[in-house]
Amino acid sequence: MIHIWSLVKIHAGMVLLVFFSWVGMILWSQSVMAQDLDSLKAGVVKITAKNPNRIGTGVIVGIKGNTTYIATASHVIEGDPSPQVFFYQDAHPHFATVKGMEGGHRKGLAALVVEGDLPSGIQPIAFDAETQFAGGEKATVIGFPRMVPIPWAVAEGTITGLVGPDLIFTGPVEEGNSGAPLLFGGRVIGLITDIVGSYKYAKPSVIAQYELKNWQLVFTEKVRQVPAGMALIPEGTFQMGSPDGEGEKDEHPQHHVSVKAFCLDMHEVTNRQFQQFVQTSNYRTMAEQEGKAWVYSSQEEWKEIAGASWQKPEGEQSVFASGRELHPVVSISWEDAKAYCVGVGKRLPTEAEWEYAARAGTTTSYWWGDELPRSSNQVANLADKSAKEEFGINWAIDTYVDGFAHTAPVGSFQANPWGLYDMAGNVWEWVVDWYAEDYYQASPKKNPQGPSSGEFKVLRGGSWNQNPRNLRSAYRGRSDPAGRSAYLGVRCAQDTP
């Protein structure tokens with residue numbers, strides 16, 4: 001028999017802790033690892049405080065306008081009226097105001113507020129005050145342990161029971177995780193307040209919510225659930241195209257575009273994912289139907305090769321026999337790319353959505369800055385020294401070695417600030433838009449969809465055999481929709497729930 005404490009309101013507006021027990025309760029059991037960890041990290045913050053210097057963790061419980069509401073453990077910030085908060089993918093500190101704190105002991109909570117412009121992509125994590133636990137459930141903590149030399153630590157462990165009102169969690173959680181969310185099924189079920197040896201105490205969400213609301217903390221009752229493997233791209237406005245004197249003719253004029261929130265695959269579609277789609281749908285690509293696709297030769301030219309397809313991009317060994325299951329699928333036409341996205345319940349992104357996500361809040365030529373990539377900063381798979389040695393590409397850069405003459409496994413390089421991988425290089429990515437050189441002259445300011453017709457479809461991102469110039473966030477590629485070459489791939493988008 002497992003004992004649990006529950007929170008019950010009584011008529012006088014008071015709160016009473018009521019003890020109850022049960023046997024054989026049926027639980028909703030879902031590991032947080034089924035959720036996208038990057039989207040959960042977007043709701044977790046690092047907190048530093050002084051006098052003495054301390055490091056802790058907090059969770060975003062709500063956002064209203066330019067105000068972010070954060071919960072943490074009181075001993076993390078006790079004595080510092082303006083602790084510093086670091087948001088996900090943002091190294092810039094933000095000063096917080098303490099709205100309330102239960103001090104004097106290590107199991108109290110604190111409420112923080114951060115005002116002003118906030119980094120894009122952050123989002124609250126919903127609290128779960130309903131699920132009850134019998135012990136033995138797997139849960140996860142995301143936080144900032146003081147002694148771990150990595151920016152994020154994800155600890156998995158087990159809920160073993162309760163002591164008084166507190167959940168007990170066993171897992172590799174150390175100092176610095178105080179204030180971190182205890183997660184189950186992608187929701188906060190408790191806040192880590194104290195760590196005593198192998199025991200980690202977490203204040204249950206049902207109690208934490210009541211205490212925090214007393215300090216006027218605003219909770220987001222419903223949070224958009226981001227599909228696994230996708231990133232939530234926030235609504236926003238950006239400068240699309242290149243400024244005067246830079247870029248190609250079709251990148252002008254640079255203009256403001258507003259984009260509604262949407263989800264985008266964090267990675268390009270892999271051979272394994274495309275294989276699963278083909279097996280369940282019996283789909284045959286255009287290259288398979290016509291028996292040929294385009295292959296890049298060592299003479300810096302493309303040749304149409306019989307037998308080449310997404311399974312055999314060079315017309316010879318299959319991607320599975322050569323260990324390329326996690327490389328991006330290539331040699332697919334625009335129709336093939338669209339069929340895949342629709343077949344898995346998604347869609348192709350628009351050109352505006354793609355550039356907005358690629359920039360990830362930046363205004364530079366590339367998401368990492370204006371400079372060319374360096375070997376010490378592995379940001380993209382492009383025409384580097386290894387590609388020059390294998391294919392003789394005369395526009396390759398000798399000062400950069402990415403380690404791949406052809407495609408690379410997705411996610412081999414750094415993600416952009418919004419957690420998207422390979423938005424520059426690896427393979428070109430089809431988008432839904434038709435191409436028109438002068439489209440920016442009269443492009444709609446909100447959610448542009450591209451011309452109504454055309455000869456070519458737009459490609460974005462550049463590829464493994466491209467000069468860095470073609471990897472710029474604003475660069476616009478194009479191809480016949482029937483094109484199926486060994487550098488054409490896809491990543492899918494999806495409307496938000």
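The largest pocket has a volume of about 810 Å³. A pocket is an open set of points on a 1 Å grid over the protein atoms alone, with protein on both sides within 12 Å along at least five of seven lines. Its lining residues have an atom within 4 Å of a point. Of the 35 lining residues, P119, S120, G121, P234 and E235 are the closest to the centre. Strand β17 (236-240) gives the most to this lining, with four residues. Helix α7 (351-359) supplies at least two. Helices (H or I, at least four residues) and strands (E, at least two) are DSSP runs. The lining of the largest pocket comprises 15 nonpolar, 14 polar and six charged residues.

The model is predicted, and local features need pLDDT of at least 70, side-chain atom pairs pLDDT 80 or more, while totals for chains, interfaces and linings use all residues. Residues are numbered from 1 along each chain, and side-chain values use heavy atoms, without hydrogens and water.

The second largest pocket has a volume of about 350 Å³. Among its 19 lining residues, W428, L459, R478, S479 and Y487 lie nearest the centre. Strand β24 (477-479) provides the largest share, three residues.

In helix α4 (271-281), N271, F274, F277 and V278 are buried (under 20% relative accessible area, 1.4 Å probe, protein chains only). These residues fall within an arc of 125 degrees seen down the axis, so they line one face of α4. The arc is taken from the directions from the helix axis to the C-beta atoms. The buried residues pack against α6 (334-343), with contact meaning heavy atoms within 4.5 Å. Q279 and T280 are exposed (over 50%) on the face turned away from the buried side. Just after α4, N282 takes a positive phi of about 60 degrees.

Terms used. 1 Å grid on protein atoms, 1.4 Å probe; cavity = no way out; pocket = protein on both sides within 12 Å on 5 of 7 lines; lining within 4 Å. Points joined across faces, edges and corners; volume = space filled by probe spheres on them. Nonpolar A, V, L, I, M, F, W, Y, C, P; charged D, E, K, R; others polar.
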